[in-house]
Amino acid sequence: MPLSPRAVAAVLAPQTDEREINLLTITHPQWAEPLRLSTDPTVWLRNDPDTGTPMYGTISRGMTFEYVPIAPVLPDSREDSPPSGKVSISNVSRLVSPYLLTIEDEYPRVTVEVVLASQPDIVDQAWPEMELTNSSIDANNAEATIAMNTAEKEPLPWLRFVPAYFPNLF
């Protein structure tokens, strides 16, 4: 999916107030609601009820994405392997840790979207339904690999090329 003309102009401009925002939506069958994260503190959302610290995030298409310090490496597009990227989340708190610790044998699904700060309701680029794999959590960071493992999901062909099924082939 190519970038929109607005996004290309923002990327190529020598100086601009426009910025790209990465939005991550992480879902899992065991979770009651998805985890929505943003790489930009676009707007003030509320104060934390326990600590009173202000919480920021991005509102896009009516959904609230919580801001956490994320360093994403967007999925690549190599010919020899499926798309994969990496997400590093700093200062892991009560927002992210409980979700990642409940993962058992099924990987969470991740949708990565790129929007511009001036118009967060318009998605410029998206990578839907990727899998969050190889996550590791310590006291300060959580790192996870996101990949599109479609080859593992494809069924093997049950039909083989044998003379009984394809007599004209032999």
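These legends describe close-up views of a predicted model. Residues are numbered from 1 along each chain as its sequence is written, and side-chain values use heavy atoms, with hydrogens and water left out. Local features need pLDDT of at least 70 and side-chain atom pairs count only at pLDDT 80 or more, while totals for chains, interfaces and linings use all residues.

**View A. Threonine 39 in the loop between strands E2 and E3.**
The loop runs between strand E2 (35-38) and strand E3 (43-47); strands (E, at least two residues) and helices (H or I, at least four) are DSSP runs, numbered from the N terminus. Threonine 39 has a relative accessible area of 19% and is therefore buried (buried is under 20% relative accessible area, exposed over 50%, partly exposed in between; 1.4 Å probe, protein chains only). A polar atom of the threonine 39 side chain lies 3.0 Å from the backbone nitrogen of asparagine 22. Apart from neighbours within four places in sequence, threonine 39 is in contact (heavy atoms within 4.5 Å) with Ile21, Asn22, Tyr67, Val68, Ile70 and Pro72.

**View B. The salt bridge of arginine 19 and aspartate 40.**
The structure holds three salt bridges, each defined as a side-chain nitrogen of Lys or Arg within 4 Å of a carboxyl oxygen of Asp or Glu. The side chains of arginine 19 and aspartate 40 form one of them, at 2.9 Å from N to O. This pair links distant parts of the chain, 21 residues apart: arginine 19 is in the loop between helix H1 (5-12) and strand E1 (20-27), and aspartate 40 is in the loop between E2 and E3. Aspartate 40 is buried at 10% relative accessible area, whereas arginine 19, at 37%, is partly exposed.

**View C. The salt bridge of glutamate 66 and arginine 46.**
The N to O distance between these side chains is 2.7 Å. Because glutamate 66 lies in strand E5 and arginine 46 in strand E3, the pair ties together parts that are 20 residues apart in sequence. Glutamate 66 is buried, with a relative accessible area of 12%; arginine 46 is partly exposed, with 34%.

**View D. Arginine 61 and its partner glutamate 113.**
Arginine 61 lies in the loop between strand E4 (54-60) and strand E5 (63-67). Most residues other than glycine have a negative phi. Arginine 61 is not a glycine, yet has a positive phi of about 55 degrees. The side chain of arginine 61 meets that of glutamate 113 in a salt bridge of 2.8 Å, N to O. Glutamate 113 belongs to strand E8 (residues 109-116), and the two residues of this pair, which links distant parts of the chain, are 52 residues apart. Glutamate 113 is buried at 11% relative accessible area, and arginine 61 counts as partly exposed at 33%.

**View E. A nonpolar surface patch with Trp44, Tyr56 and Tyr67.**
These three residues make a patch of about 320 Å². Patches are made of residues with over 30% relative accessible area and no salt bridge; like charges are joined within 9 Å, and nonpolar side chains (Val, Leu, Ile, Met, Phe, Trp, Tyr) within 5 Å. Areas come from the Shrake-Rupley method with a 1.4 Å probe; for residues, only the protein chains shown count as cover. Tryptophan 44 is found in strand E3.

**View F. Glutamine 125 and valine 114.**
Glutamine 125 sits in strand E9 (residues 119-137) and is buried, with a relative accessible area of 18%. The C-alpha atoms of glutamine 125 and valine 114 are 5.1 Å apart in space, while the residues are eleven apart in sequence.

Terms used
A polar contact is a pair of N or O atoms within 3.5 Å; within protein, one must be able to donate a hydrogen and the other to accept it, and residues adjacent in sequence count only if both atoms are side-chain atoms.
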